[in-house]
Amino acid sequence: MSAAHRYVDVRNTTASKERLMVMLFETALRHMRTAAKHLETKDRSAAGPLLEKACAIVLELQSTLKPEVAPQLTKNLIEIYTFTAAKLCRASISGDVKDIRQAERAFAPIVDGFVRAVAATTGAGAGNPRP
């Protein structure tokens, strides 16, 4: 195992649950942006797996919501996550980069807000909200 892989492994196994959530948000957004670049160059075979991964992360994040804690916030986030996942799925089928850009525009503010909230509650920079 390379030094870089060991670092990532240690970082992931020692990260707080909040930091792990930030990494999931950032990874989903990064996959969306990279997939969009691939679709812009008509490379659907490279975009497809990234769109699937991004969609899986968004749906996993949706499954972590707790309506009993914040019903209205949960309702709003479910709508955004559902929209985002649908647009990613549509982009995977159609190859239309516009669908990814719409998903990104809906999802990026959530990522930014979560990163800022984690940074504020932990007292440290949680990561770059724009991977």
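**Figure 1. Thr-74, a buried residue of helix α4.** With a relative accessibility of 5%, Thr-74 counts as buried in this predicted model. The residue belongs to helix α4. Its side chain reaches the backbone oxygen of Lys-66, the separation being 3.5 Å. When neighbours within four places in sequence are left aside, the contacts of Thr-74 are Leu-65, Lys-66 and Pro-67.

**Figure 2. The protein as a whole.** The view gives the setting for the close-ups. The protein contains 5 helices and 0 strands, and its elements follow one another from the N terminus as α-α-α-α-α. Of its 131 residues, 35% are buried. Among contacts between residues at least 6 apart in sequence, 62% join residues that are at least 24 apart.

**Figure 3. The packing of helix α4 against helix α5.** Two packed helices are described by the angle between their axes and the distance between the axes. The axes of α4 and α5 cross at roughly 155° and come within 8 Å. Because an angle over 145 degrees counts as roughly antiparallel, α4 is roughly antiparallel to α5. The crossing in which α4 passes α5 is left-handed. On the α4 side, the residues of the contact include Leu-77, Ile-80, Tyr-81, Phe-83 and Thr-84, as well as Lys-87, Leu-88, Arg-90, Ala-91 and Ser-94. They meet residues of α5, namely Asp-99, Ile-100, Gln-102, Ala-103, Ala-106, Phe-107 and Ile-110. By class, the residues of this contact divide into 11 nonpolar, 3 polar and 3 charged.

Figure 4. Lys-87 lies in helix α4, which spans residues 71-94. Its relative accessible area is 14%, and the residue is therefore buried, the limit being under 20%. The side chains of Lys-87 and Gln-102 are joined by a polar contact of 2.7 Å. Not counting residues up to four places away in sequence, Lys-87 touches Asp-99, Gln-102 and Ala-103.

**Figure 5. The packing of helix α2 against helix α5.** Helix α2 comprises residues 17-40 and helix α5 residues 97-122. The two helices pack at an angle of about 160°, and their axes are 10 Å apart. As this angle is over 145 degrees, α2 and α5 are roughly antiparallel to each other. The crossing of α2 past α5 is left-handed. Sorted by class, the residues of the contact of α2 with α5 are 19 nonpolar and 6 charged, with no polar residues.

Figure 6. Thr-122 is found in helix α5. With a relative accessible area of 44%, Thr-122 is partly exposed. A polar atom of the Thr-122 side chain lies 2.8 Å from the backbone oxygen of Val-118. The view also includes Glu-18, which is 104 residues from Thr-122 in sequence. In space, the C-alpha atoms of Thr-122 and Glu-18 are 8.8 Å apart.

Definitions and conventions:
Residues are numbered from 1 along each chain as its sequence is written. This is a predicted model: local features need pLDDT of at least 70, side-chain atom pairs count only at pLDDT 80 or more; totals for chains, interfaces and linings use all residues. Side-chain values use heavy atoms; hydrogens and water are left out. Axes are lines fitted to C-alpha atoms, for helices over the stretch in contact, and angles run from 0 to 180 degrees between N-to-C directions. Helices (H or I, at least four residues) and strands (E, at least two) are DSSP runs, numbered from the N terminus. Angles under 35 degrees count as roughly parallel, over 145 as roughly antiparallel, 65 to 115 as roughly perpendicular and the rest as oblique. A crossing is left-handed if the near helix is turned anticlockwise from the far one by less than a right angle, and right-handed if clockwise. Ala, Val, Leu, Ile, Met, Phe, Trp, Tyr, Cys and Pro count as nonpolar, Asp, Glu, Lys and Arg as charged, and the others, Gly among them, as polar. Buried means under 20% relative accessible area, exposed over 50%, partly exposed in between (1.4 Å probe, protein chains only). A polar contact is a pair of N or O atoms within 3.5 Å; within protein, one must be able to donate a hydrogen and the other to accept it, and residues adjacent in sequence count only if both atoms are side-chain atoms. Contact means heavy atoms within 4.5 Å.
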